[in-house]
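Please look over the sequence and the model before reading on. The paragraphs below go through a few parts of the fold in turn.

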Amino acid sequence: MAMATTDEKPEVPPEYGHLAYINNGSFARTLGDNLPRSCSGPKTISQLAWSSTPSSIGGLEVLPLDLIQEVLAQLDITTLLDFRRVNKQALALVESLPHYRAITTHAPSALHAIFRIQTGRSIAVQTLFDELCAWKCHHCDGFGGYLYLITCIRLCRPCFTTKNRYLPRDTTRVKAEFLLDDEITNRLPRMRLHPGKYAPGCQSITRTGPRSVLYDAGHARWTSSIIHGSKIISDILEEAYVTDQTEMQLLRYTKRVRAAEQAGRVSSLRTPRLTMLEDTNANNGFRYVAIIRVPWFDRKSQVAQWGLSCRKCLSIPVSERTYLDQFTPEGFKEHLKEHEAADS
Ligand SMILES: [Zn+2]
Ligand SMILES: [Zn+2]
């Protein structure tokens with residue numbers, strides 16, 4: 001099967017031609033916009049060379065096809081792509097997998113991006129497929145036109161640009177902010193930074209030292225609240241992004257508490273008063289380093305659809321617009337009714 005080198009060209013359904021448009025998202029400068037143009041996805045059959053490998057899939061051959069496909073869908077993405085390279089039979093099996101076909105046809109950039117940031121070992125093929133088939137943002141009821149690829153969940157732009165749990169943290173920050181040690185930090189879902197220009201402001205983000213690995217803040221917060229169980233942790237870490245000063249206060253505090261524990265004393269230290277800073281910068285480049293834009297694959301119609309944006313909303317001030325910036329065709333119909341009600 002020949003791979004599409006770019007994702008499909010989106011089209012507005014004819015009935016909404018003058019009312020809706022498809023925001024191609026290139027202004028946002030996500031990970032997807034930073035992938036090399038020449039990136040052409042997994043190699044095709046003619047590009048793969050198997051010289052001495054026997055063309056057999058061993059014990060798998062005795063299983064019925066649907067069972068093999070069920071097993072393949074449970075593999076992580078890296079393992080599936082590795083299996084695909086074993087021999088021609090393995091390749092044929094992978095390419096007959098409906099999940100793989102849907103992903104490579106409608107969201108090939110997802111595979112490129114996952115390969116670049118090395119999250120393929122922690123994302124199951126089934127998970128990526130399920131997210132491709134679900135249009136709703138993980139966080140709100142809006143159309144989620146993007147995937148956050150550390151944990152592979154679908155998000156809308158308002159959510160990934162404002163929720164701090166989707167702002168990946170570097171090693172230093174994740175340890176200090178969530179009070180985690182090396183051992184725990186090493187077990188968190190993480191990604192490798194792909195250097196590039198991110199966010200609408202095109203900030204250059206380079207791979208240097210501790211910035212080369214970034215961690216999922218949602219898991220860090222959850223782990224931290226289990227380990228420390230204290231109110232300060234669960235409260236302050238819900239959505240906040242600590243300032244450098246607070247980070248130092250927290251570090252000093254935990255070091256002293258641990259030292260007291262090790263010495264067999266009960267710490268009488270008071271928890272520091274924390275100055276929290278909500279990172280309200282929607283244009284922080286790090287918000288975009290794990291994000292790609294994807295369509296929604298409607299399994300019923302077998303058609304991939306891109307979110308529709310509203311032309312009418314462009315003429316009203318940003319502060320008065322709906323929180324949502326993209327809709328399914330159904331959702332768009334409902335949204336137009338809101339305009340009608342407001343106009344009458
Ligand atoms: Zn959302
Ligand atoms: Zn509108």
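Two strands are taken as paired if DSSP finds at least two bridges between them. By that rule β4 and strand β8, residues 213–215, are paired, since two antiparallel bridges join them and the cut-off is at least two. In one stretch of this pairing, Asp170 stands opposite Leu214 of β8. The model is a predicted one, and what follows is computed from it.

As a whole, the chain holds 13 helices and 14 strands. Of its 344 residues, 33% are buried. Among contacts between residues at least 6 apart in sequence, 72% link residues at least 24 apart.

The pair β4 and β8 belongs to an open sheet of three strands, ordered β4-β8-β5, in which the pairing is antiparallel. Its edges are β4 (169–170) and β5 (190–192); each has a single partner strand, so one side of each is left without a neighbour in the sheet. In general, the strands of a sheet pair through backbone hydrogen bonds, in either a parallel or an antiparallel sense.

Helix α8 spans residues 171–178, and Arg173, Val174, Lys175, Glu177 and Phe178 in this helix are buried. Just after α8 comes Leu179, with a positive phi of about 55 degrees, although Leu179 is not a glycine. Leu179 sits in the loop between α8 and α9 (182–185). Is Leu179 buried or exposed? Leu179 has 23 other C-beta atoms within 10 Å and is therefore buried, the cut-off for that class being 20 or more.

Strand β2, residues 146–148, is joined to β11 by three bridges in the antiparallel sense. One position to look at is Leu147, whose bridge partner in β11 is Ile292.

The loop between β2 and β3 contains Cys152. Cys152 is not a glycine, yet its phi is positive, at about 60 degrees. Cys152 has 22 C-beta neighbours inside 10 Å, so Cys152 counts as buried.

Next come the helices. Helix α4 (residues 98–106) and helix α6 (residues 125–133) pack against each other at an angle of about 55 degrees, and their axes are 10 Å apart. How are α4 and α6 placed relative to each other? They are oblique, because the angle falls between the roughly parallel class, under 35 degrees, and the roughly perpendicular class, 65 to 115. The crossing of the two helices is left-handed. On the α4 side, the contact is formed by His99, Tyr100, Ala102, Ile103 and His106, and on the α6 side by Val125, Gln126, Leu128, Phe129 and Leu132. Sorted by class, this contact of α4 with α6 has seven nonpolar residues, three polar ones and no charged residues.

Leaving out residues up to four places away in sequence, Gln74 touches Ala124 and Gln126. Gln74 lies in helix α1, residues 65–74. From Gln74 to Ile123 there are 49 residues in sequence, while their C-alpha atoms are 9.6 Å apart in space. Gln74 has 13 C-beta neighbours inside 10 Å and so counts as partly exposed.

Asp76 lies in the loop between α1 and α2 (77–84). Which residues does Asp76 contact, leaving aside its neighbours within four places in sequence? They are Gly120, Arg121, Ser122, Ile123 and Ala124. For one of these, Arg121, the separation from Asp76 is 45 residues in sequence and 5.5 Å in space, C-alpha to C-alpha. With 19 other C-beta atoms within 10 Å, Asp76 is partly exposed, because the buried class requires 20 or more.

Note on methods:
Residues numbered from 1 in each chain as written. Chains lettered and ligands numbered in written order. Predicted model: local features only at pLDDT ≥ 70, side-chain atom pairs only at ≥ 80, totals over all residues. Axes fitted to C-alpha atoms, helices over the stretch in contact; angles between N-to-C directions. Helix = DSSP H or I, 4+ residues; strand = E, 2+ residues; numbered from the N terminus. Parallel < 35°, antiparallel > 145°, perpendicular 65-115°, else oblique. Left-handed = near helix turned anticlockwise from the far one by under 90°. Contact = placed C-beta atoms within 7 Å. Nonpolar A, V, L, I, M, F, W, Y, C, P; charged D, E, K, R; others polar. Buried ≥ 20, exposed ≤ 12 C-beta atoms within 10 Å, placed from the backbone.
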